[in-house]
Every structure is written in structure tokens, then in C-alpha cells.
Amino acid sequence: MNPATGDTAVLEISELDIALAGDKGPTQLVDRVGFSIPRGQAFGLVGESGCGKSITALAVMGLLRAPLMRSSGQIMLDGRNIAGASEAEMRKLRGRHVSMIFQEPMTALNPLQPIGRQIAEMFVLHEGATWKEADARAIEALRHVRVPAPERRARDYPHQLSGGMRQRVMIAIALACRPKLLVADEPTTALDVTVQAEIVELMATVCAAQGTAILMISHDLGLVARMCTEIAVMYAGRIVEQGTAGDLLRAPRHPYTQGLIGAVPRLGARAAGGRRKLAEIEGVVPAPASFPGGCRFHPRCSRATGVCHTDVPLAKPRPGGGVVCCHHDG
Amino acid sequence: MLRLILKRVVNMVPTIAGVALVVFVLFSVIPGSFISSLMDDGRGGMDPAVVERMRRELGLDDPVAVRIVRYLGQLVVGDLGTSFRTREPVTRLIGQRLGASLELTFAAMGFAMLVGIPLGFYAALRPGSLIDTAAMIAAVSGLSLPKFWLGLMLMYLFAEYLHWLPSFGYGGWEHLILPALALGVSPMALLARTTRASVLEVINADFVRTARSKGMSETRVVTWHVARNALLLVLTTVGLQFGALMGQAVVVEKLFSWPGLGGLLVDSVVQRDIPAVQGGILVIVLFFLVINMLVDIAYVVIDPRIRAG
């Protein structure tokens with residue numbers, strides 16, 4: 001609930017735990033993750049591979065499949081708790097209220113069906129349109145995502161399209177029924193850099209035009225910062241820092257966020273600072289089965305002390321808004 | 001499309017010529033001939049003059065090379081030669097038996113597809129379930145049972161013991177069931193396994209996840225997006241099994257006294273009736289080639305990626 005407007009957030013996740021069931025008991029992958037996205041706003045979830053961001057997205061879609069499972073926590077979508085919703089209820093929400101775009105546009109479309117049909121399917125499924133109406137609306141949807149010659153393109157098969165075009169088709173499918181939330185899981189990672197910018201810009205404009213909020217998931221902090229109002233940084237299944245995009249980028253508080261920002265190559269950085277090597281964060285994200293105790297970042301952290309090994313850092317408010325989870329902050 | 005079909009038909013010619021050549025050479029190399037097989041029949045020593053005359057009449061005196069060229073020449077105009085045994089044209093002999101063979105082959109393949117494919121689907125959608133395990137055990141057994149043994153068991157159970165069906169012979173549909181089952185169980189088992197594997201592969205594909213994220217029911221996901229993609233993978237197996245089935249039918253036909261090509265082939269091989277053997281084998285090869293051509297055409301119709309290429 002936003003006290004200023006009295007409006008509920010479009011997505012509000014609290015204390016979300018996701019585990020992987022196994023022979024030796026469950027392994028916790030996502031640990032007490034919580035954030036909320038106001039209507040029509042773009043929210044970024046950032047972290048390295050394996051930090052749990054993609055399965056958080058799948059949980060929002062209700063697409064977690066055994067052995068993955070949500071062990072506790074709430075997911076409020078548009079004011080209703082979908083954690084524990086039945087498959088039939090979720091099915092009505094999926095595509096209509098919340099949609100998803102995936103990382104790999106080359107394989108995300110059915111190779112045996114013309115792309116127009118794959119968009120049209122949305123109108124048939126959710127709005128009871130006839131195939132004829134739906135086909136016509138699919139052409140409009142293609143035009144909407146700026147696919148040239150949409151009448152002709154609608155009859156094309158996925159293999160006839162470039163990666164960028166396919167991702168446009170995916171966006172058209174996801175936004176066909178004007179959902180309240182679009183979950184975009186690394187939507188540009190598989191694309192050329194020049195195409196990336198186009199796709200991000202397209203997503204932002206179309207969503208803004210129809211009031212769709214975005215949950216943008218990426219390992220690319222720069223990309224997320226350009227697009228989102230608010231950003232949460234995830235590490236090893238936990239959110240370590242959260243704040244507004246500008247503030248987080250300008251004044252990161254958590255050593256991990258600082259590391260991420262330091263690892264982004266910048267044009268002109270060499271001219272300013274002499275011959276500087278691109279910074280990296282030493283080590284790798286630990287496997288979920290061997291997440292360290294205390295602060296999970298401590299083995300890779302230069303500031304780690306005894307307390308980091310033993311105690312989980314609590315969320316503290318950061319100056320400038322948001323939260324940070326670090327024993328050495330402030 | 002027409003060009004594709006024409007191209008495939010033209011491509012068959014060298015294959016058929018090659019097969020004809022191999023069979024021909026094989027029968028000139030292996031010991032024994034039609035005439036010696038007559039003598040083995042218990043008629044004892046034949047008059048050398050008669051033997052000489054027969055050899056001349058049947059053209060066995062000529063060098064192999066000459067006979068091959070003569071045979072291929074006949075083949076071009078659709079003449080399969082004359083049977084040594086019955087002195088009838090081989091085309092007529094085959095014509096009398098082809099119908100029964102096709103009937104058996106189609107019935108067996110129909111059974112294999114109608115049972116095997118749904119079974120594989122069902123098993124794949126419930127992996128690890130009791131039905132999956134049972135179906136796959138049945139499928140493995142179906143693959144490993146020899147056809148003649150299975151035929152005998154079916155005969156014993158349904159004809160001898162239960163008296164539901166005739167044990168052999170040719171006639172109405174009731175005569176078709178047992179041989180078709182005996183022949184169809186192994187392709188059915190293979191199809192069940194292939195279908196299960198393909199469905200499991202497709203169901204984890206990214207586009208199936210997309211389909212789910214669109215908010216459609218699992219039934220629709222499976223029938224609309226999984227089925228067609230999975231069947232595409234099954235199609236190759238269908239073609240190969242179907243094509244090979246007519247050849248495999250020989251044993252089953254003999255067992256059930258089914259008046260198909262199998263009986264003709266076995267008798268002709270024993271008596272070294274070379275033209276009849278060659279004709280029979282060529283028809284079986286041709287059937288294999290035609291079925292696989294049809295499968296290739298089906299691919300072009302179903303898969304847009306091939307259509308373009």
C-alpha cells in the first residue's frame with residue numbers, strides 16, 4: 001500500500017523463500033526476498049548468474065516446477081496473493097495480468113507456427129476472439145512493436161526472423177493483452193549490442209504507453225539503471241542492497257554493488273585514471289548447497305571481519321532511500 | 001513440390017539397379033542352382049541331356065555378365081522375367097501376392113502407430129509413474145521378442161486355447177488380426193519409446209515454457225505446441241519401420257500361411273528360382289523407398305524450416 005496515493009503496488013513480494021527439493025532435503029535458493037513495484041514503473045533485479053533472480057521471476061509467473069518450490073512468503077499480484085494459487089487460477093492471470101519475456105529469442109517461439117498465429121493465440125485465449133479477428137489484431141500488435149511490413153511478417157516462421165525481430169515478436173506476445181506487469185528475464189543478453197538498445201527502448205516506450213510495470217532482470221547494471229526507477233541487487237539468493245537507480249549507481253553502499261559498478265567498462269575511464277585495469281570481483285558466486293554462513297558475500301569481500309562470518313546482516317535504511325544489508329555500512 | 005517428388009523418384013533408379021545387381025551376383029556365387037535343387041528334391045539323377053537342355057532354356061549357360069545385362073534390360077521395361085518353377089511371368093506371381101502383403105504390412109503398422117504413439121505420449125506426460133514404467137517394460141519386451149515365437153504364442157492363446165480367432169490362413173479380418181499383431185508389436189514398442197523420448201525432449205523446450213507463460217491449459221500446451229513438434233521427431237522412425245516391415249513380414253507370413261510375398265520368397269530361395277527371388281526383393285526394396293519418400297514429403301509439408309531450404 002502506498003500511503004501517498006492509497007494505491008496498491010502491482011507486485012509486492014515479501015519474505016519469499018524458494019527451495020530446490022533433493023534427496024538430502026531442500027536447498028534454499030532464494031532467501032527472504034522482498035520488494036514491491038508501483039503501477040507502471042520499471043524495477044530492476046540485478047545480480048550474477050546463479051543468484052536466484054530468474055527463479056524469482058518464475059515464481060512471479062507461477063511457473064516454478066518440481067523440484068523447485070516456493071517454501072514460504074507472499075507474492076501479491078495486483079492486490080491478490082498468488083502464492084499458493086491453483087494452477088487454474090494462475091492460468092487466467094498468466095498472459096493477461098502478468099507476462100514474461102525470456103532470454104533466448106531463438107528458441108522461445110514455436111518453430112512450426114507462423115509468428116502471427118503465436119500472437120493471435122493470446123487474443124483467442126484471453127479475450128475470446130475468433131481466429132480471424134485475432135489474426136488481424138496480431139498484425140496490429142506487430143506494427144505496435146515496430147516490425148516492418150507486419151502483414152507479410154505475420155505469415156513468417158520464427159526461423160525466417162533475426163534475433164532482434166524474434167524478441168520484438170516476444171514483446172508483442174507478452175504485451176498483447178495489456179498486462180499490468182511484464183517480467184523480462186535477461187531480454188537482451190542474447191542480442192547484438194546495437195539491437196539491445198533498440199529492444200530496451202521499445203520495451204520501455206510500449207510499457208509506458210499502456211501503463212505496464214516492468215520487472216527487469218539482468219546481470220547488466222548499466223542497462224537496468226537506464227531503464228528502471230528502482231533497483232534491487234541480489235547476491236546468493238538474498239537482496240543485498242536496494243534503492244533508486246540514480247542513487248544506487250552514484251553512491252553504492254554494499255561492497256558487492258560497488259564491485260558490480262566497478263566492473264562495468266566505461267569509455268574514457270582510462271583517460272581520466274591513467275592505465276587502469278578493469279576491476280573485477282574476486283571469486284565466484286558459491287553454489288546454493290554451500291552458501292557460507294553469516295553474510296554470504298564475506299568470502300569475496302575485502303572488508304569482511306569476524307561478525308560477517310557469523311551473523312546475517314540485517315537490512316538497514318540507506319541514506320538517500322532504500323536498504324542495504326552490510327555490517328560495515330555507515 | 002512436384003519437382004521434389006520427381007527428383008526423389010529419379011534418385012530411386014540407381015538404388016534399385018544396385019540392389020538388382022547385388023542380388024544377381026549373390027545368386028551366381030552361392031552354390032546350387034535351380035536344377036540341382038530339383039535333383040535334391042528326391043527325383044534323383046536326371047538325364048544329363050535334360051539337364052543340359054534346361055540350363056540352355058533357362059539361360060543359365062551364359063556368363064554372369066551377359067545375364068546381368070539381359071536382366072537389367074528387361075527391368076527397364078518392367079519385365080521381371082519368368083519364374084523357373086512355375087514358368088509364369090514373375091510380375092504375375094508378385095501381383096497375386098502383393099495385395100495380401102500390403103494388407104498385412106498396413107495392418108501391422110496401423111496397430112503399431114495407433115498403440116505405440118499414444119502410449120509413448122502418455123508415458124512421457126507422467127514420467128516415473130506406474131503407467132510409464134509398465135509401458136516402457138512392455139515396450140522393451142515387445143522389441144526383444146522374436147516374431148516367430150510371438151506368433152506361435154498368439155496362435156496358441158487365441159486360436160488353440162480360446163478359439164477366438166483362426167490360427168492361420170487368409171480370408172476376412174479375423175484372419176488378419178494375429179499375423180498383424182505378431183508383426184506389429186516390435187515397431188509398436190519402438191514407436192512408444194521414440195515418442196516418449198521426443199515428447200520429453202520437446203516438453204522442456206523454451207517455446208513450451210513460452211506457451212505456458214501465455215496462460216494456456218496444459219492440455220492445450222501439449223496438443224497444440226508439443227504434439228506437432230514431437231511427432232516430427234517420430235516421423236523418421238515411422239518411415240524406417242514401415243519400410244522395413246514388408247521385409248520382416250516374411251517369417252510371419254510363412255508362420256501363418258499368409259499368401260504374401262514372404263511365402264513366395266522363401267520357396268523361391270530354397271529352389272534357387274532366381275527371377276522370382278529378385279522380383280520379390282525388388283518389390284520390397286521399392287516399397288521401402290516409396291515409404292521413405294512419402295516421409296520426406298511429409299517433412300516438407302509439416303516443417304517450414306525444411307520447406308524453405
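Tutor: Strands here are DSSP runs of E with at least two residues, helices are runs of H or I with at least four, and both are numbered from the N terminus. The model is predicted.

Student: Where in chain A does A:D78 lie?

Tutor: A:D78 is not a glycine, yet its phi is positive, at about 55°. Most residues other than glycine have a negative phi. As for its place, A:D78 sits in the loop between β4 and β5 (80-81) of chain A.

Student: Is A:D78 buried, exposed or partly exposed?

Tutor: Buried means under 20% relative accessible area and exposed means over 50%. The value for A:D78 is 22%, so A:D78 counts as partly exposed.

Student: Which loop of chain B holds B:R87?

Tutor: B:R87 also has a positive phi, near 60°, and is not a glycine. Its relative accessibility is 48%, so B:R87 counts as partly exposed. Its place is the loop between α4 (64-76) and α5 (90-125) of chain B.

Student: What is the omega of the peptide bond from A:A66 to A:P67?

Tutor: Most peptide bonds are trans. The bond from A:A66 to A:P67 is cis, and A:P67 lies in the loop between α1 (53-61) and β4 (68-77) of chain A. Omega of this bond is near 10°.

Student: What is the handedness of the crossing of α5(B) and α8(B)?

Tutor: The axes of α5(B) and α8(B), the latter covering residues 173-203, come within 5 Å and cross at roughly 35°. Their contact has 27 nonpolar, 4 polar and 2 charged residues. The crossing is right-handed.

Student: Which residues is B:S268 in contact with, leaving aside its neighbours within four places in sequence?

Tutor: B:S268 is found in helix α11 (residues 261-270) of chain B. Its relative accessible area is 0%, so B:S268 is buried. With those neighbours left aside, its contacts are B:R85, B:D273, B:A276 and B:V277.

Student: What area is buried between chain A and chain B?

Tutor: Chain A gives 26 residues to the contact and chain B gives 23 residues. Carbon and sulfur atoms give 58% of the buried area. The area itself is about 2200 Å².

Student: How many salt bridges does the rule find across the interface of chain A and chain B?

Tutor: A:E121 meets B:K214 in a salt bridge at 2.7 Å, N to O. A:E121 also forms a salt bridge with B:R220, with the closest N and O atoms 3.8 Å apart. This pair crosses from helix α3 (residues 115-127) of chain A to helix α10 (residues 218-255) of chain B. The number for the interface is 2.

Student: How many residues apart in sequence are the parts that A:R318 and A:D247 tie together?

Tutor: The side chains of A:R318 and A:D247 meet in a salt bridge (2.6 Å, N to O). A:R318 lies in the loop between β11 (316-317) and β12 (323-324) and A:D247 in helix α9 (residues 245-250), so the pair ties together parts of chain A whose separation is 71 residues.

Methods: Residues numbered from 1 in each chain as written. Chains lettered and ligands numbered in written order. Predicted model: local features only at pLDDT ≥ 70, side-chain atom pairs only at ≥ 80, totals over all residues. Heavy atoms only, no water. Buried < 20%, exposed > 50% of the residue type's maximum accessible area, 1.4 Å probe, protein only. Axes fitted to C-alpha atoms, helices over the stretch in contact; angles between N-to-C directions. Left-handed = near helix turned anticlockwise from the far one by under 90°. Nonpolar A, V, L, I, M, F, W, Y, C, P; charged D, E, K, R; others polar. Contact = heavy atoms within 4.5 Å. Buried area = accessible area lost by both parts, 1.4 Å probe. Salt bridge = Lys/Arg side-chain N within 4 Å of Asp/Glu carboxyl O.
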